[in-house]
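Colleague: I'd like to go through this one slowly and ask where the labels come from. Could you put it on the screen?

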Amino acid sequence: MELRSFSHGYGQITYHIVLVPKYRYNIFYNKRIKKDCELILSIICAKNGYKIHAMEVVDDHVHLFLEFHPSNSLSEVIQYLKGGSSYSLFKLHPDLKKRYWGGNLWSSGKFYRSVGNVTADTIKHYIKESQGKPSEESRLHRFMRSKQRRLDDF
């Protein structure tokens, strides 16, 4: 994955998101519901400008690997995914309303994790080294090269 340029920024916002049906029922065991869910989530993502890198619908949950614009919040993205898919699946499969009589297809919780090309240690190192203050090792190296003593060396 590559970094993208936006109107006032440059970066990447990608998340691994897991959506779980309420009570963790195995509703996607039904192949028709599974295919419809995949299609509905793809349509929601295309409509809202989210890029799907990977999607897997298993019997009792859905994995999504998404990229979206920085103007979208993660909560907003999940709200569109859950709300839109719930509405459409209930419309296509009215029998789901018997199981989810309260009207909520998805559990209230969510799993998400930001995904990037670098590790946390790489970012820590970058921040430490790019703050305009040289590390102890580089200060020592310059001192040894110049043979000049500093006032705080006495």
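Modeller: Let's start with Y112, which is partly exposed with a relative accessible area of 43%. Before we go on, this is a predicted model: local features need pLDDT of at least 70, side-chain atom pairs count only at pLDDT 80 or more, and totals for chains, interfaces and linings use all residues. Residues are numbered from 1 along each chain as its sequence is written, and side-chain values use heavy atoms, with hydrogens and water left out.

Colleague: What makes Y15 buried, then?

Modeller: Its relative accessible area is 18%, and 18% is under the 20% limit, so Y15 counts as buried.

Colleague: Why is the pair of Y15 and Y112 called edge-to-face?

Modeller: Rings of Phe, Tyr and Trp (its six-membered ring) pair if their centres lie within 6.5 Å; planes under 30 degrees apart count as stacked, over 60 as edge-to-face and the rest as tilted. For Y15 and Y112 the centres are 6.4 Å apart and the planes stand at 65°, so the pair is edge-to-face. Y15 lies in strand β3 and Y112 in strand β6, so the pair ties together parts that are 97 residues apart in sequence. Strands (E, at least two residues) and helices (H or I, at least four) are DSSP runs, numbered from the N terminus.

Colleague: How many aromatic pairs does that rule give?

Modeller: The count comes to six. One of them is Y15 with F68, at 5.7 Å centre to centre and 10° between the planes, which is stacked. F68 is in the loop between β5 and α2, 53 residues from Y15. Ring pairs also link Y15, Y50, F68 and Y112 into a cluster.

Colleague: How do you know which strands stand at the edges of the sheet?

Modeller: Two strands pair if DSSP finds at least two bridges between them. Four strands form an open sheet in the order β4-β5-β3-β6, with antiparallel pairing. β4 (51-58) and β6 (111-114) each have a single partner strand, so one side of each is left without a neighbour in the sheet. β3 and β6 pair over four bridges, and I17 has Y112 as its bridge partner in β6.

Colleague: What makes a set of residues a nonpolar core?

Modeller: The members are buried Ala, Val, Leu, Ile, Met, Phe, Trp, Tyr and Cys residues joined through side-chain atoms within 4.5 Å. The largest such core here has 27 residues, and I17, L64 and L81 are among those with the most contacts inside it. β3, α1, β5 (61-67) and α2 each supply at least two of its residues.

Colleague: Why is the charged end of R99 said to sit over the ring of Y25?

Modeller: The rule wants NZ of Lys or CZ of Arg within 6 Å of the ring centre and within 35 degrees of the ring normal. The charged end of R99 is 4.2 Å from the centre of the Y25 ring, and 4.2 Å is within the 6 Å limit.

Colleague: Last one: is Y23 buried or exposed?

Modeller: Y23 is exposed, because its relative accessible area of 52% is over 50%. Y23 is found in the loop between β3 and α1, and its phi is near 65°, a positive value in a residue other than glycine.

Note on methods:
Buried means under 20% relative accessible area, exposed over 50%, partly exposed in between (1.4 Å probe, protein chains only).
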